[in-house]
Amino acid sequence: MNLANKIESDQLTVVNFHATWCGPCIAMKPHLEETVKKFGETIHYERVDIDQNPGLAQLFEIRSVPTTMIFKKNEMKWKHSGVLPSSELSKIVNENL
């Protein structure tokens with residue numbers, strides 16, 4: 001299933017835009033992984049490298065990394081730039097399920 005299909009689905013999709021050279025992106029990754037592990041199959045999870053996918057970064061108007069977005073049924077439910085602890089991210093995911 002590609003990113004567009006995941007975003008359009010009824011299932012919540014967490015998308016993290018990042019770059020390999022970005023320190024805060026590296027710091028954010030364990031928080032994302034912990035959240036994904038907590039919710040398991042109830043959510044989709046995608047990481048998008050902005051250097052590998054500049055078109056997607058432009059499409060979603062990514063101005064800084066890391067930027068994390070939550071989608072459901074093709075609607076953006078939440079967007080945040082910067083590092084966020086897994087406890088906060090889990091709370092936001094839970095609120096949008």
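Lys 6 is buried, with 13% relative accessible area. That is a handy place to start with this predicted model, since Lys 6 also has a charged partner: the side chains of Lys 6 and Glu 46 meet in a salt bridge, at 2.2 Å from N to O. Glu 46 comes out as partly exposed at 21%, while the cut-off for buried is under 20%. Lys 6 belongs to helix α1 (residues 3-8) and Glu 46 to strand β2 (residues 43-49), so this contact ties together parts that sit 40 residues apart in sequence.

Searching the whole structure turns up 3 salt bridges. Another one of them links Glu 33 to Lys 29, with 3.8 Å between the closest N and O atoms. Here both partners lie in helix α2 (residues 23-39), 4 residues apart, or about one turn of the helix. Glu 33 is partly exposed, at 40% relative accessibility, and Lys 29 also counts as partly exposed, at 34%.

Glu 75 and Lys 77 make up a further pair, their closest N and O atoms 3.6 Å apart. Glu 75 has a relative accessible area of 45%, which means it counts as partly exposed. Lys 77 falls in the partly exposed class too, with 36%.

Strand β4 covers residues 75-81 and pairs with strand β3 (residues 67-72) in the antiparallel sense, over 6 bridges. Within this pairing, Ile 70 stands opposite Trp 78 of β4. The hairpin of β3 and β4 has 2 residues between the strands, and Lys 73 in this hairpin takes a positive phi near 50°.

On the covalent side, a disulfide is a bond between the sulfur atoms of two cysteines. The search of the whole structure finds 1 disulfide, formed by Cys 22 and Cys 25 with their sulfur atoms 2.4 Å apart. For anyone checking the geometry, the cut-off is a sulfur pair within 2.5 Å. The link between Cys 22 and Cys 25 is right-handed, with 80° about the S-S bond. Both ends are tucked away from the probe: Cys 22 is buried at 4% relative accessible area, and Cys 25 is buried at 1%.

Note on methods. Residues are numbered from 1 along each chain as its sequence is written. This is a predicted model: local features need pLDDT of at least 70, side-chain atom pairs count only at pLDDT 80 or more; totals for chains, interfaces and linings use all residues. Side-chain values use heavy atoms; hydrogens and water are left out. Two strands pair if DSSP finds at least two bridges between them. Buried means under 20% relative accessible area, exposed over 50%, partly exposed in between (1.4 Å probe, protein chains only). A salt bridge is a side-chain nitrogen of Lys or Arg within 4 Å of a carboxyl oxygen of Asp or Glu.
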